[in-house]
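Subject: Structure for you to look at

Dear colleague,

I am passing on the structure we talked about, with notes on what turned up when I went through it. Please open it alongside this message as you read.

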Amino acid sequence: MTTPYMLRLQNINYSYHTLHGETNVLKDLSFDVKEGEFVAVVGSSGCGKSTLLSIIAGLLSPESGTIAVNNPDGSLHYPRVGYMLQHDHLFEWRSVYKNVILGLEINHMLTQERINYVNQLLQDYDLEQFRGKRPGELSGGMKQRAALIRTLALDPQLLLLDEPFSALDYQTRLSVSADICRLIRRTGKTMLLITHDLSEAISLADRVIVLSRRPATVKCEIPIHLTLTDDSPLAARNAPEFNSYFNRLWEEIKNGEP
Amino acid sequence: MENLKVNTHAEPTKQELFMRQHLRHHRQIALLRLLLLVLFLIVWEVSARTGVIDSFFFSSPCKVMLLLWEMCKDYSIFGHVGITLFETLVSFLLVFLVSLVTATLLWYSQKLSEILEPYLVVLNSLPKSALAPLFIVWLGTGTKTIIVAGISVAVFGSIISFYTAFRQCDPEKITLIYTLGGSRRDAFHKVVLPASVPLLLSTTKVNIGLALVGVIIGEFLAARRGLGYLIIYGSQVFQLNLVILNVLLLCIIAMGFYKGIQMIEHHIRKKMQL
């Protein structure tokens, strides 16, 4: 009896077509993500990481292969997915509150129960006093929290994070990424993070999946176990095992031939 | 005299000094603008009276004002101004509606926009006054023809500008709507349209001027009323007073329209807090 998986990708193939020919992006890509697990996917730039997320989110259809959740017969069934993009994309013409209920508005789910949930999140994430403000008045970290609430409002089973902090400067990024990931962990949601930053992957994830160069396939999977000494954003990076993980990932990516 | 320099009030702060200077600057500009106008009118009047310019061809401020007074007394001017205003506003509103609907359709259908693109470009670069005689043949002379002429000048450029504004929307913001489970319709209503508002407003400001141009062209050719008609009529019977009066009235109308749209723009921007 194993832990139920949240997401199972089996033999995903995807290629895109231009006038100059066909490019294979993903080739026989398979992996599982368990419920409540935090998995990071790393790979060299342009290897198809973002394409993979778009497929999992249902924005693109794979040419072949299945994406299944919790149904062992392998039938195609998408999990309810929440997607955090590279930028917060809060709309300047809406107040913070109007921004976080955008998903509910689109899905016609503005029930009292959901609104209460959103209000609770605003309070928990220290945004309550900013609910009437415009996004421009918020700090980088607060914007990311607002974007997170917007995603969580729809109660997704699986959260996809596509280099969600890459637009922030390095210092803000360190604290915001630790902050956001701590908040998501508290909700017990399953997370799939895409990043090209190896340290970020090691410091945040339970398991790192390394993709090969294009056409991408799973090169190896490395479970991460860090001994944490304190709970600062830098704690994971200061862990004694950090460097050996980093070197191993570095080697795997460097000779990234499929 | 030394005592006067002892200031019983507190010294003005740096901010207060800045505010004063700012205010003074703006008063100066307003005053000089007005002065320029007065100077122009005086020079015009004096040169007409002293015979430096021939007042038969160049009229004079007094003659123009006298004519305006007469036309106000028999109420004839109000009918002419009214019809031109009416035609321009109707053209403008129709241009706005038609280009909003068309640009929306073009945004929804990539195929349609690709098919129509060369036609729009050609129609936009065509001098629209060339079409006016056709409108007269098809629609006769009258308000309908003039409104169509007004529309024809502004509408194609307006469609292109609106569509370009829609296309400039950040594709990642549209992706966000899709990731939240939204449709293309949601993407349009929640992102594309609100994000385009500043560009739509600036296009609208240009459109009101173009609609006025079209209406005047229409009135030159196909009207018995309106400022355009008065200008053409005045030039044909060598009543240059009439021509100049109407040109001046057009200046005032154009400025009024511009200010009006600017106020609406300001109001919308404030409401959306852009």
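Predicted model: local features only at pLDDT ≥ 70, side-chain atom pairs only at ≥ 80, totals over all residues.

To begin with chain A as a whole, it contains nine helices and nine strands. Its radius of gyration is 19 Å, close to the 18 Å that the globule rule gives for 258 residues, so chain A is as compact as a globular protein of that length. The C-alpha trace spans about 50 × 45 × 45 Å along its principal axes, and 52% of the 258 residues count as buried. If one takes the contacts in chain A between residues at least 6 apart in sequence, 69% of them join residues at least 24 apart. As for charge, chain A carries 26 positive and 30 negative side chains, and the centres of the two sets lie 2 Å apart.

Most residues other than glycine have a negative phi, and most peptide bonds are trans. In chain A, however, a cis peptide bond with an omega of about -10° joins Arg214(A) and Pro215(A), and Pro215(A) sits in the loop between strand S8 (207-211) and strand S9 (218-223). His108(A), although not a glycine, has a positive phi of about 50°; this residue lies in the loop between helix H3 (102-106) and helix H4 (112-124) of chain A, and is exposed, with a relative accessible area of 74%. In chain B, Tyr75(B) likewise is not a glycine and has a positive phi of about 60°; Tyr75(B) is in the loop between helix H3 (61-73) and H4 of that chain, and is exposed at a relative accessible area of 61%.

Ser99(B) belongs to helix H4 (residues 76-108) and counts as buried, at 0% relative accessibility. Its side chain reaches the backbone oxygen of Val95(B) at 2.3 Å, while a polar contact of 2.8 Å joins the side chains of Ser99(B) and Ser158(B). Gly181(B), by contrast, is exposed, with a relative accessible area of 51%, and is placed in the loop between helix H8 (171-179) and helix H9 (184-222) of chain B. Leaving aside its neighbours within four places in sequence, Gly181(B) is in contact with Ile106(A) and Asn107(A).

Key: Residues numbered from 1 in each chain as written. Chains lettered and ligands numbered in written order. Heavy atoms only, no water. Helix = DSSP H or I, 4+ residues; strand = E, 2+ residues; numbered from the N terminus. Rg over C-alpha atoms; globule rule 2.2 N^0.38 Å. Buried < 20%, exposed > 50% of the residue type's maximum accessible area, 1.4 Å probe, protein only. Contact = heavy atoms within 4.5 Å. Lys, Arg positive; Asp, Glu negative; His and termini not counted. Charge placed at Lys NZ, Arg CZ, Asp CG, Glu CD. Polar contact = N/O pair within 3.5 Å; in protein donor to acceptor, adjacent residues only side chain to side chain.
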